[in-house]
Amino acid sequence: MQDDVFADRYSRQIRLPLVEEKGQRAIRDAAVLIVGMGGLGSPVAMYLAAAGVGRLTIADFDVVDLSNLQRQIVHAHDDIGLLKTQSAARRLRAINPDIAMTCLDYTLEAEEFVDLAADHHLLMDCTDNFPTRFQLNDASLATGTPLVSGAAIRWEGQVTAFDPRMPDSPCYQCLYPDRSVEAATCAAEGVISPLVGVIGTMQALEAVNILLGRGQLHGTVWLFDAQFMDWQKMVLPKNPNCPACGAGR
């Protein structure tokens with residue numbers, strides 16, 4: 001991208017004292033892995049593409065279904081039946097044709113998560129199941145790659161981040177020690193449409209903060225009650241006995 005086009009496209013961010021041209025170039029030079037192209041992955045991917053993240057890798061093995069369209073805004077009615085990565089990539093390229101994009105349309109294995117984490121600056125957990133979340137956490141710890149995690153169900157959502165580069169940062173398993181826990185699903189429990197936008201947008205904002213070297217969420221979990229429009233902040237200390245990141249692991 002030519003310098004004048006770069007300066008014009010991202011001018012509203014560049015003029016921010018906490019970003020400026022140096023920060024925008026850091027965003028441009030970053031590679032982010034987004035796992036899940038559903039309700040959370042939609043706003044995460046769209047805002048990171050618009051913000052100018054230079055390389056996005058999007059992973060999802062599912063196809064677009066009619067029931068997805070109530071909340072998964074990266075997809076459109078005409079995308080029904082397409083792979084979610086295919087549908088999302090088309091929309092993201094329309095938002096910003098200058099970003100590089102890789103689509104992974106299959107179930108990732110644990111070893112692949114580690115390899116991908118080593119090749120990216122940031123991991124985005126936009127999934128709906130605990131096994132994948134724990135695999136992302138393992139990859140984050142193995143490679144020292146920050147992880148931003150979100151979840152949304154019914155009228156409740158949460159967002160947090162884990163940064164293994166910081167010795168006092170907890171990990172996902174500090175929050176959920178039991179790896180056999182099962183997640184509630186939107187299909188079974190329902191979810192109000194804009195909730196995933198609120199949580200996903202918060203994830204995207206924290207991602208940009210981390211890429212600018214000023215992440216805010218590690219060591220805390222923000223809980224959102226959409227029914228009463230109420231945010232609560234929960235402090236999450238590092239668990240010294242955590243089987244994933246504790247001293248005795």
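Ser169 makes contact with Phe162, Asp163, His218 and Lys238, once residues within four places in sequence are set aside. In this predicted model, Ser169 sits in the loop that runs between strand E6 and helix H8 (172–175). Although Ser169 is a loop residue, its relative accessibility is 3%, so it counts as buried, the cut-off being under 20%. The side chain of Ser169 comes to 2.9 Å from the backbone nitrogen of Asp163, and Asp163 is also among the contacts listed for Ser169.

Thr57 is a polar residue placed in a strand, namely E2 (residues 55–59). Thr57 has a relative accessibility of 3% and therefore counts as buried. Its side chain forms a polar contact of 2.8 Å with the side chain of His120. Apart from neighbours within four places in sequence, the residues in contact with Thr57 are Val32, Leu33, Ile34, Thr102, Leu104 and His120.

Residues up to four places away in sequence being left out, Leu48 touches Val32, Ile34, Val53, Leu56, Ala204, Ala207 and Val208.

The chain as a whole contains 10 helices and eight strands. Its radius of gyration is 17 Å, close to the 18 Å given by the globule rule for 249 residues, so the chain is as compact as a globular protein of that length. Along the principal axes, the C-alpha atoms fill a box of roughly 50 × 40 × 40 Å. Of the 249 residues, 48% count as buried. Where contacts join residues at least 6 apart in sequence, 64% of them link residues at least 24 apart. The accessible surface amounts to about 12,000 Å², with 54% of that area belonging to carbon and sulfur atoms.

How values were computed
Residues numbered from 1 in each chain as written. Predicted model: local features only at pLDDT ≥ 70, side-chain atom pairs only at ≥ 80, totals over all residues. Heavy atoms only, no water. Helix = DSSP H or I, 4+ residues; strand = E, 2+ residues; numbered from the N terminus. Buried < 20%, exposed > 50% of the residue type's maximum accessible area, 1.4 Å probe, protein only. Polar contact = N/O pair within 3.5 Å; in protein donor to acceptor, adjacent residues only side chain to side chain. Contact = heavy atoms within 4.5 Å. Rg over C-alpha atoms; globule rule 2.2 N^0.38 Å. Areas by Shrake-Rupley, 256 points an atom, 1.4 Å probe, with all protein chains shown as cover.
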